Amino acid sequence: NPENPASSQAGSAPFQYDRWRVTFLATVLRVVAGLGLLLILSNFPLMGNFERVIFSVVYLAFLAATFLPMPYTVKAGTLIFSGYLMGVYTILQAGPWSGAVSYFLATTVFAVLLFDRQVDRWVFLINLATISLAGILNILGYAPLASAEAPATGLMDWIPYAADYLVLAIA
């Protein structure tokens with residue numbers, strides 16, 4: 001049926017977005033679990049004891065959400081929340097010199113793909129508030145960057161960083 005391309009792709013059955021979401025989420029969780037293990041193992045010698053414990057606990061929770069039977073929203077929420085936590089960790093380490101925006105963008109995109117009911121807007125606002133708050137606290141001296149290699153930051157470092165996320169997330 002050329003008028004409805006979704007139904008012609010699978011014979012005469014209409015495309016079922018909810019079914020696609022479940023399959024997509026299962027695939028993404030497994031891929032991220034594998035890549036996460038590689039990331040943790042490759043960085044384990046460089047981590048402090050506190051970081052080892054935190055990353056191990058988050059990873060075990062992620063594995064549980066990946067492989068144990070849980071409601072869809074718990075699995076999808078775990079993916080988004082773990083990405084958010086990685087973004088927070090990264091931005092507190094190196095500030096606007098980090099790739100934290102990539103984690104925040106990924107959580108926003110996954111929220112768009114995996115949820116209805118404006119969850120993506122909440123994720124977007126929380127991410128933007130996190131970037132802004134990290135910048136404000138850093139500039140005021142309350143949250144110095146944890147990485148010794150990170151250069152000093154100022155307002156003109158944080159504004160473009162937040163603007164990058166804002167523009168890319170809206171696009």
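The model is predicted, so local features require pLDDT of at least 70 and side-chain atom pairs pLDDT 80 or more, whereas totals for chains, interfaces and linings use all residues. Residues are numbered from 1 along each chain as its sequence is written, and side-chain values use heavy atoms, without hydrogens and water.

Rings of Phe, Tyr and Trp (its six-membered ring) are paired if their centres lie within 6.5 Å; planes under 30 degrees apart are stacked, over 60 edge-to-face, and the rest tilted. The model holds 9 aromatic pairs by this rule.

Select Trp20 and Phe24 to see a stacked pair, 4.7 Å from centre to centre with 10 degrees between the planes. Both belong to helix H2 (residues 17–43), where a spacing of 4 residues places them about one helical turn apart. Helices are DSSP runs (H or I, at least four residues), numbered from the N terminus.

Then select Phe81, Tyr84, Phe104, Phe124 and Tyr165, which form one aromatic cluster.

Finally, display Phe44 with Arg52, which lies over the ring face at 4.7 Å from the ring centre. Here a charge counts as over a ring if NZ of Lys or CZ of Arg is within 6 Å of the centre and within 35 degrees of the ring normal.

Methods: Helix = DSSP H or I, 4+ residues; strand = E, 2+ residues; numbered from the N terminus.
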